[in-house]
Amino acid sequence: MPVVDIDTDELRGLTGRTDTSDDEFKQDLFGLGLEFEGETDDGLLQFEFAPDRLDRLSVEGVARSLRYHYGDDRGVYVPETNDPEWTIEVAESVPDERPYVTGAVVRGVDLDEGALDSLIQLQEKLHATMGRGRAKGAIGIHDLAMVKGAPLQEGAEPSITYRGVDPDGDAFVPLDSNDELTPDEVLAEHDTGRTYADLVDDLERYPAIYDELGLFSFPPVINGKRTEVTTGSRELFVELTGTDQWTIDRMCNIICYALSARGATIEEVEVHYADGATAPSEYGAELVRPNLDTDEKSVSHDRIETLLGVDFEPEEVVDCFERAGLDASYTLDEDVTYEVEIPPYRVDVLHPLDLVDDVGRAYGFDNLEPRYPDVGTVGGRHERSRLEDAVRTSLVGLGFEDLLNFHMTSGTENYDRMNLGAGADAFGAGEPVEITEPYSEEYTQLRTWALPSLLMLLERNTHNAYPQDIAEVGFAAERDDREDTNVAERRHVAGAVARRDASYETAKGRLQAVCDDFGAELETPRTEHPSFIDGRTAEVVIDGEPVGVIGEVHPAVLVEHDLEVPVAAFEFHLDALGQ
Amino acid sequence: MRLPERQLAVLEAASATDERTIDEIAAETGLKPETVTGAAFDLRDEGLLSVVETAAETLGLTDEGRRYVDDALPETRLYRAGLALDADEAAVSMGRVIGEAGLDGPEVDIALSNFARKGFGTIDSGELTVDPDADPDADPEAAALAALADGDDPAVDEAVLDQLDSRGLVDRGESVTRAVTLTDDGVDALMTAVETTETVSQVTPELLASGEWRDVEFSEYNVEADAPTTRGGRKHVLRRTADRVKDVLVGMGFQEMEGPHADSDFWINDCLFMPQDHPARTHWDRFALDVPPMEGIPDELMARVEAAHRDGWGEDGDGYHSPWSQEFAREVALRGHTTSLSMRYLSGIAGAELEPPQRYFSVEKVYRNDTLDPTHLLEFFQIEGWVMAEDLSVRDLMGTFEEFYRQFGITDIRFKPHYNPYTEPSFELFGEHPETGEEIEIGNSGVFREEVTGPLGVDCDVMAWGLALERLAMLTTGAEDIRDLHGTLADIEFLRDAEVSY
């Protein structure tokens with residue numbers, strides 16, 4: 001879940017609540033769903049919240065939410081914007097993999113250390129969340145005074161160009177460096193370059209932003225040092241590139257709202273996609289950004305009442321909407337429906353239901369009285385679940401300790417240490433269902449049978465008293481193309497008797513008792529199995545079907561598991577008892 | 001006449017003329033005093049022996065009393081410290097005297113109150129004066145303590161004893177001495193030959209069949225001794241918790257679900273309206289399986305789910321601005337939650353098309369790539385439940401979950417508004433730990449979004465919740481490391497010793 005770092009002095013300034021203590025803020029923020037997590041080394045308070053309200057990723061957004069919460073603000077607010085002077089030209093050479101760009105010019109900023117830190121933090125947090133680690137959207141913020149707009153022709157407006165660059169093309173000095181590096185050198189030599197290299201390194205041309213003086217930004221990797229933002233910066237150029245226009249536009253809006261909250265003026269920019277550039281079909285080739293248009297959705301009064309279980313007057317609902325930072329209007333027809341206006345920093349309203357949630361939060365879910373629903377249904381267990389349970393009860397009655405083992409294991413445990421080869425013609429040697437990218441050598445596949453788990457448990461418990469009679473009714477799976485999922489999943493019944501006097505007979509007596517409990521006919525024709533001693537191994541045949549194996553575990557397997565007592569064991573398919 | 005061996009021994013040791021105490025008879029017969037007492041009462045009941053009981057007061061020192069014998073009474077120490085500081089000539093601050101006396105804690109109050117009571121001096125305005133004429137050495141309380149410590153039976157004044165008793169320095173008790181004499185019948189019995197009944201160690205079939213058991217005495221066991229350990233089999237502690245959960249949910253009208261552990265991402269995530277570029281769907285968090293993609297997904301359903309992701313659901317719905325591909329949807333992975341089962345049941349593919357109202361649950365395993373630690377496993381059990389009905393409200397959700405958790409002793413549930421991609425509104429559930437009183441997260445819940453229910457063909461409300469079974473088990477068993485419970489690292493002793501919950 002995202003975490004926002006808050007300087008409470010900043011919060012006091014931005015909310016105008018100069019007398020509110022840190023503890024009071026913590027409580028109020030908890031009410032909004034921001035949970036206090038701890039403090040940073042610099043004494044900032046950290047709050048964790050669910051990743052829906054990404055407009056709260058900075059102190060400015062948190063302050064805005066608090067002002068609505070306190071009732072200091074109501075309804076939708078959209079900052080004024082000035083007409084565009086600057087243009088972002090999108091050249092044909094822009095990589096197809098990262099076609100979209102958006103931006104804004106911000107004037108009259110007054111960045112003290114706190115405000116600058118907050119801006120950098122917001123940028124990084126947006127990268128981590130909506131920007132999907134900069135892959136989907138990356139933000140570059142520049143000191144506009146250091147950008148030299150290149151007029152395409154005499155008398156034209158100033159512009160910058162989003163274009164492609166050869167990996168070993170134009171060099172520039174990136175942030176946190178003093179050397180002129182080509183894009184490829186940045187990826188190879190610069191710390192930030194190395195971190196984000198895999199986002200671009202398989203592209204034919206890399207994304208780059210140029211002004212009249214040349215390359216000054218290498219999105220999504222790093223900005224140039226020339227346009228670095230400092231506390232002295234008064235005018236900013238914000239640009240965002242990415243794989244989705246809507247996403248970068250919303251990220252841009254959140255940045256603009258944050259800067260506007262500190263008194264800055266937002267100025268639009270034009271975005272021109274060149275003919276050969278991949279134009280965003282949805283929005284056309286000529287855009288004016290940022291797009292601070294509000295959205296509208298409608299939701300019925302009836303839906304709000306049924307979902308929250310509360311009777312409302314329409315005025316109360318409108319009041320809740322306004323306290324949530326939304327505007328709503330309605331006509332008093334038979335069926336009241338609200339037309340709700342949604343500000344452009346919200347990224348979480350996909351459906352009218354989301355508006356009902358906003359009403360609920362503004363009304364206070366705490367104010368709802370729980371009630372047990374008056375809905376009659378009949379309960380019951382699944383048949384297989386009852387069978388599993390009945391077999392477990394039988395085994396426990398015979399003195400077995402019931403086990404619960406992991407379903408994931410490794411080929412070493414599942415086959416090798418059982419003296420078994422994968423694909424061998426033996427019970428348990430089925431084809432494994434393997435994990436595509438295992439994270440650990442211990443968990444690389446699903447177990448094809450349960451006895452290896454039982455042996456592992458015995459291995460772990462050699463320091464404990466014997467006898468150790470253990471059993472498990474559990475999951476096993478093997479690859480099977482006849483199945484819809486290409487995985488055959490079964491429940492197995494496995495039992496092992498580890499004690500000085502354990503013998504084939506000990507195991508068979510118990511297996512016979514289980515079969516008797518379920519009225520199943522057991523036969524044990526002689527067979528061979530690499531995990532068991534020859535001549536002391538049999539197939540488990542239940543009601544005429546071969547379903548498992550029983551025998552004295554082979555000394556090679558015992559020694560492999562550091563066991564110094566004989567073990568007799570059986571395993572078979574649970575279904576055999578469920579006829 | 002036949003008597004058990006030990007009764008006969010007691011009878012023979014008793015005299016018709018002299019009273020003999022139990023202890024004397026025990027010493028003579030070599031029997032334990034309690035055995036002799038038991039036999040004596042049995043003999044009295046047969047009229048062979050008379051038993052006389054004499055009660056006597058016993059006196060002893062408490063631990064505190066014993067300490068004062070060694071260290072002197074606190075008031076005496078205060079007096080002597082006062083003298084040492086010349087408080088017989090001029091008043092000295094109380095703190096100094098207490099410090100000099102080495103008094104500490106409750107002893108200070110004890111010293112001050114008894115000092116005044118015994119007239120060792122006066123205390124006024126926080127200053128202390130000692131009376132040079134007082135003589136702690138002649139204090140009868142100290143003398144009585146010393147005498148009791150020596151084991152003498154002190155001829156102590158009753159008032160002094162009461163005082164010591166009220167100060168908690170002596171234990172006053174009562175002991176009963178029993179003495180026996182032979183009755184006339186007893187003498188007669190001894191004159192005629194009394195035989196011992198036979199002692200046997202075990203009830204045998206022969207003994208029962210012959211009726212001989214009536215005439216034998218069974219040898220005594222030390223019934224307090226430990227017996228050899230007996231191990232029965234037991235159901236796994238986590239299974240028992242799961243059983244309890246199932247019982248509760250069945251009682252609340254829920255039907256159990258089942259379905260594949262290895263399933264397509266379609267059922268695991270896409271149906272849940274999880275965008276395909278959601279961080280939880282990256283390869284780091286899931287266990288993708290190396291098997292061919294799943295073909296058997298109904299085309300129409302696939303199309304509806306894709307439409308919900310791309311364009312939203314309903315007139316005013318918006319989709320995600322995320323890439324979406326059928327190939328990814330068909331990939332097979334281990335389920336990260338059992339909500340895939342809920343999706344299958346709600347879609348009707350797991351059985352019949354469901355008409356409201358319905359309640360369903362499962363307590364089944366899920367797989368998540370997490371770091372193994374005392375509270376996290378790669379595989380754990382999820383309790384999943386949902387209710388389908390017309391016009392369900394958030395209040396119904398709250399009422400249902402309150403009832404569920406109440407069954408496990410967790411009350412005062414708090415519903416914290418939350419966000420899940422698949423439910424709206426959503427709530428994290430918090431409750432008080434039944435033992436520690438700490439507030440802990442105990443589940444996640446909400447009403448399924450229309451982007452979830454709509455494509456599945458469900459046009460009423462469905463509310464759902466999920467919770468890790470291990471979390472509930474740790475709460476109810478007090479286990480601190482989940483690895484002790486679950487998996488091949490389990491300690492068999494821990495499983496054998498875990499308290500049975502019900």
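Reader: Before we start, what does a contact mean here?

Author: Contact means heavy atoms within 4.5 Å. Keep in mind that we are reading a predicted model. In chain B, 69% of the contacts with a separation of 6 or more come from residues 24 or more positions apart.

Reader: How many helices and strands does chain B have?

Author: Chain B has 20 helices and 20 strands. Its radius of gyration is 41 Å, well over the 23 Å that the globule rule gives for 502 residues, so chain B is more spread out than a compact globule.

Reader: What share of the residues in chain B is buried?

Author: Buried means under 20% relative accessible area. In chain B, buried residues make up 52% of the 502 residues. As for the surface, chain B exposes about 22,900 Å², and carbon and sulfur atoms supply 46% of that area.

Reader: How many positive and negative side chains are there in chain B?

Author: There are 41 positive and 106 negative side chains in chain B. The centres of the two sets lie 6 Å apart.

Reader: Could we look at one residue closely? Is B:Glu424 buried or exposed?

Author: At 5% relative accessibility, B:Glu424 counts as buried, because buried means under 20%. B:Glu424 sits in strand β18, residues 423-432 of chain B. UniProt lists B:Glu424 for "binding site" in an unreviewed entry.

Reader: Which residues is B:Glu424 in contact with?

Author: Leaving aside neighbours within four places in sequence, B:Glu424 is in contact with A:Leu307, A:Leu353, A:Asp354 and A:Asp357 from chain A, and with B:Val447 and B:Arg449 from chain B.

Reader: Where does UniProt place the B5 domain?

Author: The unreviewed UniProt entry places "domain: B5" at residues 292-370 of chain A. That span is 38% helix and 20% strand, and its end C-alpha atoms lie 40 Å apart.

Reader: How do I compare distance in sequence with distance in space?

Author: Read the two values side by side. A:Asp117 and A:Thr231 are 114 residues apart in sequence, and their C-alpha atoms are 9.7 Å apart in space. A:Asp117 belongs to helix α4, residues 113-128 of chain A, and counts as partly exposed at 47% relative accessibility. Another pair is A:Pro167 and A:Arg205, 38 residues apart along the chain, with 6.3 Å between their C-alpha atoms.

Reader: What does A:Pro167 touch?

Author: Not counting residues up to four places away in sequence, A:Pro167 touches A:Thr182, A:Pro183, A:Asp184, A:Glu204 and A:Tyr206. A:Pro167 is in the loop between β7 and α5 of chain A and counts as buried at 17% relative accessibility.

Reader: And the backbone? Where can I find a cis peptide bond?

Author: Look at the omega angle. The bond from A:Pro219 to A:Pro220 is cis, with omega near -5 degrees, and A:Pro220 lies in the loop between β9 and β10 of chain A. A cis bond also joins B:Pro356 and B:Pro357, with omega about 0 degrees; B:Pro357 is in the loop between α16 and β15 of chain B.

Reader: What phi does A:Asn486 have?

Author: A:Asn486 has a positive phi of about 65 degrees although it is not a glycine. A:Asn486 is in the loop between β20 and β21 of chain A, and counts as buried at 8% relative accessibility. For A:Arg132, also not a glycine, phi is positive at about 50 degrees. A:Arg132 lies in the loop between α4 and β6 of chain A and counts as partly exposed at 27% relative accessibility.

Definitions and conventions
Residues are numbered from 1 along each chain as its sequence is written. Chains are lettered from A and ligands numbered from 1 in the order in which they are written. This is a predicted model: local features need pLDDT of at least 70, side-chain atom pairs count only at pLDDT 80 or more; totals for chains, interfaces and linings use all residues. Side-chain values use heavy atoms; hydrogens and water are left out. Helices (H or I, at least four residues) and strands (E, at least two) are DSSP runs, numbered from the N terminus. The radius of gyration is taken over C-alpha atoms; the globule rule is 2.2 Å times the number of residues to the power 0.38. Buried means under 20% relative accessible area, exposed over 50%, partly exposed in between (1.4 Å probe, protein chains only). Accessible areas come from the Shrake-Rupley method with a 1.4 Å probe; for residues, only the protein chains shown count as cover. Lys and Arg count as positive and Asp and Glu as negative; His and the chain ends are not counted. The place of a charge is taken as NZ of Lys, CZ of Arg, CG of Asp or CD of Glu. UniProt positions are given in the numbering used here, feature names are shortened, and annotations may be inferred rather than shown by experiment.
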